[in-house]
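Please read this note with the model open beside you.

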Amino acid sequence: MSIISIRNVTKKFVGITAVDNANIEIAANEFFAVLGPSGCGKTTLLRMLAGFETPTAGEILIDGVDVSTTAPNKRPVNMVFQSYAVFPHMTVLANVGYGLKVTGVPAAETRQRAEEALEMVQLAHLGERKPDQLSGGQRQRVALARALVKRPKVLLLDEPMSALDAKLREQMQLELTRLQEEVGITFVIVTHDQDEALSMADRIAVMQSGRVEQIATPELLYESPNSRFVADFIGKVNLLDGQVTGASDQGVTVDVAHLGKVTVPHSDHAQGPVSLAVRPEKIRMTVSRPDSGLFIQGRIVDWAYYGDTSHIRVQPASGLPMSVTVQNDTRSTIDNGDVGDQVWLSWQAEDTLVLDR
Amino acid sequence: MESYRKNQRVFWVLAGPGSFWLLFFFLIPLGIVWILSFGEKAVIDGKISITETEITWTLANYVRALADPVYLVIIWKSIWISVLATTLCLVIAYPVAFVIAFATPRWRPWLLLAVILPFWINLLIRTYALIAVFRIRGYVNFTLEWIYDTLWLNRLFGPFEPLELLYNDFAVVAGLVYVFMPFMVLPLFASIERLDRSMLEASLDLGASQLATLLRVTVPLTMPGIISGLILVFIPCLGSFLTADLLGGTNATMIGNVIERQFKAANDWPFGAALSFLLMYVTFGALALRALLSRDVGTRI
């Protein structure tokens, strides 16, 4: 059974529709991410789960109970705020114990549970400190402990990593995943960082302009995006515009400039103008003309070296340049080409997606 | 701020006028009053002069102020009236400041204007206006009478008896609250507006009621504003004499009135100066309390 059911939820503010008819089912113990660019409505969605906003239409069920209009302090969910919102006038221990103290949990139990929660986030030794004596990462752990100590049915995290530096972010991502497995609580995280969502979440909902575009596992989202937006937002993608000329059991045949008529596997119905999508790392770059798959000739216009990989842009005879990611799997890979060289790009038909334009 | 060493001329040009003003129109007059408080009426040709004062470094003025219970009682009463007025200001101003801080940006300037507007009218006129509100045939009594008559209570209990609202302690407190309200609202507004809204949301999210959130999060986090407001209202309340003069009765005198009388009617400047300094020491006490309180806020859970 779903722990959270978001059914036909719409939220309108004056002049804008922040969330437009969202339908999301989140399973118990799932690590669920809501991913989207700034202003896509993901934070509004989270705030409706927490109770800070009320849906204009639709209903939200938590553990089978309609909480659409329930006050935030009456919901079995807790939130880690983007700014952490750690109370500056209380010690770390008092912060963590706050949620228990105000709901009438006896002082001794409050203290014990707060200490346990601090231990869980490895801050047991800092209980008597004030928040202004902590680093950003430590404050986040306090916010985390403060929410988890309430043993909520769902933990909501609003862009929790946005204020951390890259190294700490990676460490916290691993830690959050570990914590989620340890406490067995449903986590719902809102983020605009696709790496974060892909690496941590069991499933991801991608949002754009208030609408949920796709809900899928990270692998499906990356390999089988259902729209140009999702394909483009998650990772990099090359899009080649073409026209559908026919369909068969093998897939659809698309006429694309410089590629000619190619047949790619595609189960859904497709017709008229479409885009062929292929990920940069699925493309092979060779000097000689390849003898199988889809291929296109172009000139290298840009070569960005990242150590483990190189990101290369190749300009075909017309149209947009194509991105290629090359694994620098030998020390001499770098010698394989240079800006200005004519090269062939090739990839397999089954690595190609057909997306509506 | 290190640059004042490099640009000494700029520093003196900028700091000069202010320092000059403070020195000649504040510190030196204050010193004169302080010296005056150790003086007594001069004896000229064997007669005590009415107008001339002689500095004899006597402590008689302070002894008189502290020994005669009349003055201590008035100081004590002034403190209590000021405490009451300040507390009322806080209780009324906090929700007002809260509403203004949480109002939409379109409304906020207008609401702030409504709070500041009375400042644009002379204090004397505002206080006289209060007389029109509180007197026997004033607006409060008119309103009460109208309600009384509308409810037909006059047929049950006889005609409406107007309330005596003027020339007593109530009128003085009401007047002080009215006059000094903006001094409370503005610092409170400033601190509530700076408050991170997610703190309040976090408190609610953790299961605290609205009231618990107010008492455990909002009030402690806006404590600097509360303390500033208390000080800004309490100190001028303590020294005010106009309000008590116009709205208070003969027995509602505050220490400000006594001091004023010493300087004017009684022409006893040394005693007036001594009373002024006693009042100032009380004010210092209030400021010391503030310092103590704000240090407390830092360590309290």
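How many bridges join strand 3 of chain A to strand 8 of chain A, and do these strands run parallel or antiparallel?

1. Strand 3 (residues 31-35) and strand 8 of chain A are joined by five bridges and run parallel. Strands here are DSSP runs of E of at least two residues, helices are runs of H or I of at least four, and both are numbered from the N terminus. Two strands pair if DSSP finds at least two bridges between them. In this pairing, Leu35(A) stands opposite Thr191(A) of strand 8.

2. The model is predicted: local features need pLDDT of at least 70 and side-chain atom pairs count only at pLDDT 80 or more, while totals for chains, interfaces and linings use all residues. Residues are numbered from 1 along each chain as its sequence is written, and chains are lettered from A and ligands numbered from 1 in the order in which they are written.

3. Strand 7 (residues 154-158) of chain A also runs parallel to strand 8, again with five bridges. Here Val154(A) is opposite Thr186(A). Between strands 7 and 8 the chain passes through helix 5 (residues 166-183), and this β-α-β crossover is right-handed (with the strands pointing away from the viewer, the path from the first strand over the helix to the second runs clockwise).

4. Six of the six residues of strand 8 (residues 186-191) are buried, that is, 20 or more other C-beta atoms, placed from the backbone, lie within 10 Å of their own. In a regular strand the side chains alternate between the two faces of the sheet. In strand 8, Thr186(A), Val188(A) and Val190(A) point one way, and Phe187(A), Ile189(A) and Thr191(A) the other.

5. Val188(A) is among the residues with the most contacts inside the largest nonpolar core, which has 106 residues. Such a core is a set of buried Ala, Val, Leu, Ile, Met, Phe, Trp, Tyr and Cys residues joined through C-beta atoms within 7 Å. Domain 1 (2-230) and domain 2 (250-356) of chain A both contribute residues, so this core lies between them; the domain bounds come from an automatic or database assignment.

6. Chain A has eight helices and 20 strands. Of its 357 residues, 41% count as buried.

7. At the interface, 20 residues of chain A are in contact with 19 of chain B (C-beta atoms, placed from the backbone, within 7 Å). Helix 2 (92-101) and strand 6 (77-80) of chain A each supply at least two residues of this side. The largest share, three residues, comes from helix 2.

Terms used
Two residues are in contact if their C-beta atoms, placed from the backbone, lie within 7 Å. A residue is buried if 20 or more other C-beta atoms lie within 10 Å of its own, exposed if 12 or fewer, and partly exposed in between; C-beta atoms are placed from the backbone.
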